[in-house]
Amino acid sequence: MPGITHVLEIDDEGFIFDRDTGHTYNVNTSGLLVISELISGTPLHKIVELLCQKYGVSKKIATADLDDLMRQLLRLELVESVEVPVLD
Amino acid sequence: MIKCTVALSGLNATDDPAPGIAFARCLRESGEWEGRIIGLAYDASETGIYNGSIFDDVYLLPDPLQGSVLFNRIKGIQSKNHIDVFVPLLDYELVSLPALEPYLKDIGISMLIPTAAILRQHLKTRLADFCKRNGIKSPRQTTIVWPDSIGNTIAELGLPVVVKGVIHGSCVAHSAYEAAVYFHQIKQRWGLPIIMQEYISGDEYNTDCLVDRDRKVIGAVSMKKLALTDKGKGWSGVTIYDKGLLDLSLEIVQKLQWVGPIELEFVKQSISGNYYLLEINPRFGTWIYISSKAGQNLPLTAVRIALGERVEPFTSYDTGMMFMRYSLDLVCPVSRLGEIITSGELSFTEENSKRTN
């Protein structure tokens with residue numbers, strides 16, 4: 001299960017400070033939800049469900065959006081791997 | 001409450017600042033120190049000289065390379081204005097001060113600096129050898145004395161290349177022509193030799209450490225530079241906690257057998273994520289003020305150690321504390337410039353006592 005590899009300080013507005021590297025990021029509310037859940041250790045398929053519930057989107061769209069964000073996090077070395085949940 | 005008089009140098013506060021003002025602010029704002037701060041300058045153009053809210057008195061000193069002349073000047077100041085601790089904050093002062101330390105001690109002035117032998121290891125010309133001997137990653141570098149050597153050096157190190165002075169000054173050159181221009185500029189200001197260093201692409205990080213006389217690290221704070229001036233100086237930064245960086249910093253400090261304040265400058269190579277040691281400064285960095293706001297007042301602690309106090313090591317600091325420099329005009333009568341040039345000293349004591357009363 002991919003987890004966040006760095007220690008991140010996050011505020012309610014989506015501003016993120018990586019205390020390991022000093023880098024800063026801004027995410028929108030859905031990004032904030034995903035990253036907060038990743039830090040809590042929530043599995044990706046559960047995060048997809050949360051996105052569907054909160055934003056009323058299909059599982060297909062939530063999975064695609066999560067996959068996109070995970071790949072960005074991978075490029076930023078904030079996660080070690082991307083394990084995209086398989087669509088039913 | 002610590003009561004003592006502290007003299008410190010490094011008063012320049014331009015876009016290539018020295019750490020003196022930052023150090024003094026750490027004392028003034030600590031609430032744990034009471035006393036006088038004496039500013040020591042080598043040139044009347046050091047801008048911090050004119051800041052009466054920081055300094056009680058300011059004195060001009062002679063060239064620090066003239067050891068006995070420097071000692072006699074400090075001895076003269078000591079007779080008027082008893083100094084308990086002298087904090088040298090300029091790299092080139094450390095050439096002569098280790099030899100003067102016992103004599104300064106005899107007249108009642110304490111310092112917290114390493115021995116001359118330990119100091120020699122940090123020199124920019126010797127840093128690559130130190131790193132090689134101790135398995136620490138550092139950029140490849142060559143020392144040159146003739147501009148004719150620039151072409152061959154670039155063939156070896158590639159472009160861009162960093163051109164550095166042996167004491168201070170550093171520029172990134174993108175061509176042999178640019179490197180030659182920087183060679184002459186740095187030679188004129190800081191003399192020969194010139195160091196040409198491999199350019200490592202990545203973010204820059206610094207760690208400032210404080211080591212007591214038993215070579216125990218008492219405090220360490222790491223910072224990522226967020227913005228640089230065109231001279232490559234950090235204009236903004238944020239405290240971070242990277243265990244790998246801190247462990248590497250402590251390893252270097254211990255291998256150097258350092259005593260006193262020290263700044264380690266690193267670049268984190270973008271492609272590998274490895275830290276490369278760029279430079280060691282035998283003093284706190286110019287950004288040291290933030291250490292006091294992050295929970296480790298390293299300047300105040302350095303004064304306490306210099307006075308002979310035993311202090312417990314800090315165990316943590318706040319991350320995410322950011323500093324942002326800004327320029328400010330100091331306004332004073334031009335007679336102050338005349339006073340410092342002609343008499344070599346400037347006193348704010350009367351002015352400050354009026355303000356307090």
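1. A residue is called buried when its relative accessible area is under 20%, and exposed when that area is over 50%. The model discussed here is predicted. With this cut-off, the buried residues of helix α5 of chain B, which spans residues 127-134, are L127(B), F130(B) and C131(B). These residues lie on the same side of α5(B), because the arc they cover around the axis is only 95°.

2. The other side of α5(B) carries K132(B) and R133(B), both of which are exposed. Over the buried residues of α5(B), the cover includes two helices of chain B, α4 (116-122) and α8 (243-256), together with the strand β15 (275-281) of that chain. Just after α5(B) comes G135(B), whose phi is positive, at about 65°.

3. Chain A contains an open sheet of three strands, in the order β1-β2-β3, with antiparallel pairing. The edges are taken by β1 (8-10) and β3 (24-26) of chain A; each has a single partner strand, so one side of each has no neighbour in the sheet. From one strand to the next, the twist averages 20°.

4. Strands of a sheet pair through backbone hydrogen bonds, in either a parallel or an antiparallel manner. In chain A, β2 (residues 15-18) pairs with β3(A) in the antiparallel sense, over three bridges. Opposite F15(A) stands N26(A), a residue of β3(A).

5. Helix α1 of chain A, residues 29-40, lies across the strands β1 and β2 of chain A. The helix α1(A) runs at about 135° to β1(A).

Note on methods: Residues are numbered from 1 along each chain as its sequence is written. Chains are lettered from A and ligands numbered from 1 in the order in which they are written. This is a predicted model: local features need pLDDT of at least 70, side-chain atom pairs count only at pLDDT 80 or more; totals for chains, interfaces and linings use all residues. Side-chain values use heavy atoms; hydrogens and water are left out. Buried means under 20% relative accessible area, exposed over 50%, partly exposed in between (1.4 Å probe, protein chains only). Helices (H or I, at least four residues) and strands (E, at least two) are DSSP runs, numbered from the N terminus. The arc is that of the directions from the helix axis to the C-beta atoms. Contact means heavy atoms within 4.5 Å. Two strands pair if DSSP finds at least two bridges between them. Axes are lines fitted to C-alpha atoms, for helices over the stretch in contact, and angles run from 0 to 180 degrees between N-to-C directions.
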